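Please look over the sequence and the model shown below. The paragraphs after them go through the structure part by part.

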Amino acid sequence: MPIIEPEDTSLKNLRGLHLWHGGLSSCSQRVRIVLAEKGLDWESHVVDMAAGEHAGAAYQAIHPKGLVPAMVDDGALLIESIDIIDHLDRRTPEPPLRPGEAGEEAEMQAWLAKADAAQADLKTLSHEFLFQATHKRSPEKLAAFLAGHRNETLTAFHREFHSEAGIPRDKVAAAAKRTDAGFRELDAALAGRDWLVGGRLTLADVAWMPNIHRMALMDWPFERYPHLVRWKERIEALPCYRQGLVDWEPSPLLDAFAAYVARRKEEGTDVRSYL
Ligand SMILES: N[C@@H](CCC(=O)N[C@@H](CS)C(=O)NCC(=O)O)C(=O)O
């Protein structure tokens, strides 16, 4: 059920579209891409994840799991990026982001579910191969974050990421192998067609865009998937992709990622060495 009862009841008084999001967050990128494609006006509430704002009581009263994104549409609170983009396409059907043929809706929903399921591996790989350079908290900031955040899955993840041993190699390798299998599936589906479902851009394409982009930042071996590469180039030419994703990525962070990826490559411990 996409609409939930807010703990912060003042949200019910908000009119129009409000999005709590993070510039780099892949789940937020999906939502911003749909907002851009639909040409919708929305009010931006950037959650300062680096400062641990999502561990604060104010944000946790908006999103019960303390994650981004969260959206309010005329007083109705929605969480889960896949539910949010589905909601946006239903409330504002033009331009359509679902396939034209009724039989293709189930196909699109299956791709949305797979994109959602891929989130845990995306998170593991992003932290291992990119965020080590930029997202490590000082012991004091980590302690404050862990004390404030009530989402135990998230705090366990950050505890492991910040531990001396880091995320265990076998976990990272398993995430990389599952991601490769998912990309092979996408590649096969895209053989001989421009979009994942039906003859036009749909929510299925939008849901996968951020994942592909994120893996490209870590120099994932995309040469393995020729159809996926052609789709990626088509996606990158879309104005909604630029407005919803590219324009929100801070270039100092991208520079730090590139330097870190180069270092891991030199060491022979980059993502390719896990596949
Ligand atoms: N299934 C959720 C996942 C939300 C999620 O994991 N959000 C990430 C950013 S993409 C987050 O808030 N992470 C907080 C953190 O890593 O501290 C959705 O699709 O909205």
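Which residue in β3 stands opposite His21? The residue is Val46. This is a predicted model, in which local features need pLDDT of at least 70, side-chain atom pairs count only at pLDDT 80 or more, and totals for chains, interfaces and linings use all residues. Residues are numbered from 1 along each chain as its sequence is written.

The sheet comes next. Helices (H or I, at least four residues) and strands (E, at least two) are DSSP runs, numbered from the N terminus. Two strands pair if DSSP finds at least two bridges between them. The order β1-β5-β4-β2-β3 describes an open sheet of 5 strands with mixed pairing. Because β1 (3-4) and β3 stand at the edges with a single partner strand each, one side of each is left without a neighbour in the sheet. Strand β2 (residues 17-21) pairs with strand β3 (residues 43-46) in the parallel sense over 4 bridges. On joining β2 to strand β4 (residues 70-73), 4 bridges are again found, but these strands run antiparallel; here Leu17 stands opposite Asp73. Strands β4 and β5 (residues 76-79) pair in the antiparallel sense over 4 bridges, and Val72 has Leu77 in β5 as its bridge partner.

A residue is buried if 20 or more other C-beta atoms lie within 10 Å of its own, exposed if 12 or fewer, and partly exposed in between, with C-beta atoms placed from the backbone. In β2, 4 of the 5 residues are buried, so the strand is largely enclosed by the rest of the structure.

The domain assignment gives domain 1 (3-91) and domain 2 (104-274); such bounds come from an automatic or database domain assignment. Their C-alpha centres lie 20 Å apart. The contact between them takes 21 residues from domain 1 and 28 residues from domain 2, where two residues are in contact if their C-beta atoms, placed from the backbone, lie within 7 Å. On the side of domain 1 that touches domain 2, α1 (26-38) and α3 (81-91) each supply at least two residues, and α1 gives the most, with 9 residues.

A nonpolar core is a set of buried Ala, Val, Leu, Ile, Met, Phe, Trp, Tyr and Cys residues joined through C-beta atoms within 7 Å. The largest one has 59 residues, of which Ile85, Ala204 and Ala207 touch the most other members. Helix α9 (residues 203-217) contributes the largest share, 8 residues. Beyond its neighbours within four places in sequence, Ile85 is in contact with Arg30, Val31, Val34, Leu203, Val206 and Ala207.

The ligand is surrounded by 14 residues, and the closest are Ser25, Cys27, Leu67, Val68 and Ser81. A residue is near a molecule if its C-beta atom, placed from the backbone, lies within 6 Å of it.

Some backbone details remain. Val68 and Pro69 are joined by a cis peptide bond, with omega about 5 degrees; Pro69 is in the loop between α2 (57-60) and β4. Glu80, in the loop between β5 and α3, has a phi near 75 degrees, a positive value in a residue other than glycine. Glu80 counts as buried because 20 C-beta neighbours lie inside 10 Å.
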